[in-house]
Amino acid sequence: MAFELPKLPYPFAALEPSIDARTMEIHHGKHHQGYVTNLNNAISGTDAGNLSIEDICKQISRYPVAVRNNGGGHFNHSLFWTVMKPGGSPLSGTLKEAITSAFGTVDEFRNKFAAAGASRFGSGWAWLVVGQDKKLAVGSTPNQDNPLMDIAEIKGIPVLGLDVWEHAYYLNYQNRRPDYISAWWNVVHWDEVARRFAAAMK
Ligand code: MN
């Protein structure tokens, strides 16, 4: 079974003005498609074709670096599209309580997450994860690594991820990564993050 590019759950222009249509079109149709194509090439002849992308990530140290880069790229972007929604959705309920408990206030969480994304040198991702201790934590990973990977510095189940590669924002924001991160909060789909959080806590 070959991996496939998931359909974007909204039109390219739906996240404007936070993320412009042209960026979304290239990001989904060229960058994510590239990771899927290269992942399928990289796993041909290995046992990874029978595994889920999550299971491949969990034992990524067994595989060549092309699987790490492109498998991470496929998992990360598949999550990224789903945790955004035109206009966003409100943070509430159990997840809001858990964030407040872990970080003090929602604002403190947002500051910590934004700082993780802004300070990641070069390309990478900011994450909110449920750790093995079932507690929420914030961190970042380089390149297309993610917290599922056995080689990652921050480990856990990612429930929210933010792409801070230049390809995610450069057309509209140029070098202003912090402005992209600020605008991105307006399209975070907290209902989907809460669904992922509930599943991770089971
Ligand atoms: Mn990307």
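This is a predicted model: local features need pLDDT of at least 70, side-chain atom pairs count only at pLDDT 80 or more; totals for chains, interfaces and linings use all residues.
Residues are numbered from 1 along each chain as its sequence is written, and side-chain values use heavy atoms, with hydrogens and water left out.

The manganese ion has as its protein donors His27 (NE2), His77 (NE2), Asp163 (OD) and His167 (NE2), at 1.9 to 2.1 Å; donors here are N, O and S atoms within 2.8 Å of the metal (3.2 Å for Na, K and Ca), and because water is not among the atoms, sites may look incomplete. Along the chain these donors follow the spacing H-x49-H-x85-D-x3-H. His27 belongs to helix H1 and Asp163 to strand E3 (residues 157-163), so this pair ties together parts that are 136 residues apart in sequence; helices (H or I, at least four residues) and strands (E, at least two) are DSSP runs numbered from the N terminus. Both His27 and Asp163 are buried, where buried means under 20% relative accessible area, exposed over 50% and partly exposed in between (1.4 Å probe, protein chains only).

Another of the donors, His77, lies in helix H3 (residues 65-82) and is buried, with a relative accessible area of 0%. Its side chain is joined to that of His27 by a polar contact of 3.1 Å, a term for a pair of N or O atoms within 3.5 Å in which, within protein, one must be able to donate a hydrogen and the other to accept it, residues adjacent in sequence counting only if both atoms are side-chain atoms. Leaving aside neighbours within four places in sequence, His77 is in contact (heavy atoms within 4.5 Å) with residues including Tyr35, Trp125 and Gln144.

His28 is placed in helix H1 (residues 21-43) and, at 8% relative accessibility, counts as buried. The side chain of His28 reaches the backbone oxygen of Pro6 at 2.8 Å, and beyond four places in sequence His28 also touches, among others, Phe12 and Trp81.

Helices H4 (residues 93-103) and H5 (residues 106-119) pack at an angle of about 75°, with their axes 8 Å apart, which makes H4 roughly perpendicular to H5; angles of 65 to 115 degrees count as roughly perpendicular, those under 35 as roughly parallel, those over 145 as roughly antiparallel and the rest as oblique. Lys96, Ile99, Thr100 and Phe103 of H4 make the contact with Val106, Glu108, Phe109 and Lys112 of H5.

Terms used. Axes are lines fitted to C-alpha atoms, for helices over the stretch in contact, and angles run from 0 to 180 degrees between N-to-C directions.
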